[in-house]
Amino acid sequence: MTIVVAVDGPAGSGKSSVSRAAARALGFDYLDTGAAYRAFAWRCLEEGIDTHGPRDVIESLPSFEYAIGTDPDGYFVRVGSEDVTADIREPRISSTVSSVARIPEVRAHLTALFRSIIAGTVKPGIVVEGRDITTVVAPDAEVRILLTASEEVRMRRRSAELSGESAEATARELSSRDAKDAKVVDFMNAAEGVVTVDSTDLDFDSTVHAVVTLVRERTQA
Ligand SMILES: Nc1ncnc2c1ncn2[C@@H]1O[C@H](COP(=O)(O)OP(=O)(O)OP(=O)(O)O)[C@@H](O)[C@H]1O
Ligand SMILES: Nc1ccn([C@@H]2O[C@H](COP(=O)(O)O)[C@@H](O)[C@H]2O)c(=O)n1
């Protein structure tokens, strides 16, 4: 049986980096679900689809050809034959993604995709991170974690990794995306049975250690 570790949290809380490092330490796969929302937003923009008009967005779902690398050391994101790993991190995608992510049909389509990727895992487990993993995508996961950090710390960490963007612009993007996303999914409060890991006062390695320890305590991993 595949062990599923579900990790949710706000933007910049460390979901991707911590989940990937924890997956590596555990010998698990790693699934970044935000990448699919970003890749879908990227495809809408490429095709000139109005992301505020749900009809065209929904009609484009069946032809969305998506692939993601789930090996923590072999990460890639592809739409059709195009490698979009870097493109989906552009600010134009970060500022558009929430408008497609709020459409229920998009969420249902991508949730089904995530479940099929999880079901196809050949490793002993998979760490899946996003906003609604503990509540919608994998509510029965063996380990469910809400990874948080204060807004100030998240902004500081995010600013430190971007060059050429002012800390103020970074802070604005992060909190406006969280505000839009929070209207659709509650990723600020732990649902019943979900363990909160607050990394505000933890460094990166201690946060990964906290997640790995939790997984080992609750499973045979
Ligand atoms: N505990 C920590 N201490 C210090 N830095 C950290 C810690 N956790 C994560 N980071 C750093 O914070 C930054 C944001 O982390 P990451 O990109 O993983 O967040 P995220 O939650 O996936 O964000 P988003 O939802 O916007 O994609 C990265 O540079 C990461 O290395
Ligand atoms: N489970 C998820 C994951 C992501 N989203 C949306 O995608 C955006 C990008 O996610 P990142 O983790 O790469 O920052 C995010 O802002 C949400 O709009 C989602 O809805 N559900």
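How closely do the axes of helix α1 and helix α10 approach, and at roughly what angle do they cross? The views below take up this question and a few others, and every one of them shows a predicted model.

**View 1. Helix α1 crosses helix α10.** Here we look at α1, residues 15-26, together with α10, residues 204-218. Their axes come within 9 Å and cross at roughly 50°. An angle of that kind, lying between 35 and 65 degrees, counts as oblique, so α1 is oblique to α10. The crossing of these two helices is right-handed. On the α1 side, the residues that meet the partner helix are V18, A21, A22, A25 and L26. On the α10 side they are T207, V208, V211, V212 and V215. Sorted by class, the residues of this contact are 9 nonpolar and 1 polar, with no charged residue.

**View 2. The surroundings of ligand 1.** How many residues surround ligand 1? There are 18, and the closest are G14, K15, S16, S17 and R157. Helices α1, α8 and α10 each supply at least two residues of this shell. Among the contributors, α1 gives the most, with 4 residues. The shell divides into 4 nonpolar, 9 polar and 5 charged residues.

**View 3. The surroundings of ligand 2.** Now we turn to the other ligand in these views. The shell around ligand 2 holds 14 residues, and G34, Y37, A101, G130 and R131 are the closest. At least two residues of the shell come from each of α2 (34-46), α5 (97-101) and α9 (167-182). By class, 5 residues of this shell are nonpolar, 4 are polar and 5 are charged.

View 4. The axes of α8 and α9 are 9 Å apart, and the helices pack at an angle of about 125°. Because of this angle, α8 is oblique to α9. The crossing of α8 past α9 is right-handed. In α8, the contact is made by E151, R154, M155, R158 and S159. In α9, it is made by A167, T170, A171, L174 and S175. This contact has 4 nonpolar, 3 polar and 3 charged residues.

**View 5. A closer look at A182.** A182 is found in helix α9. With 15 other C-beta atoms within 10 Å, A182 is partly exposed. Leaving aside its neighbours within four places in sequence, A182 is in contact with F187 and M188. The C-alpha atoms of A182 and R24 are separated by 29 Å, and these residues lie 158 residues apart along the chain.

Definitions and conventions. Residues numbered from 1 in each chain as written. Chains lettered and ligands numbered in written order. Predicted model: local features only at pLDDT ≥ 70, side-chain atom pairs only at ≥ 80, totals over all residues. Near = placed C-beta within 6 Å. Nonpolar A, V, L, I, M, F, W, Y, C, P; charged D, E, K, R; others polar. Axes fitted to C-alpha atoms, helices over the stretch in contact; angles between N-to-C directions. Parallel < 35°, antiparallel > 145°, perpendicular 65-115°, else oblique. Left-handed = near helix turned anticlockwise from the far one by under 90°. Contact = placed C-beta atoms within 7 Å. Buried ≥ 20, exposed ≤ 12 C-beta atoms within 10 Å, placed from the backbone.
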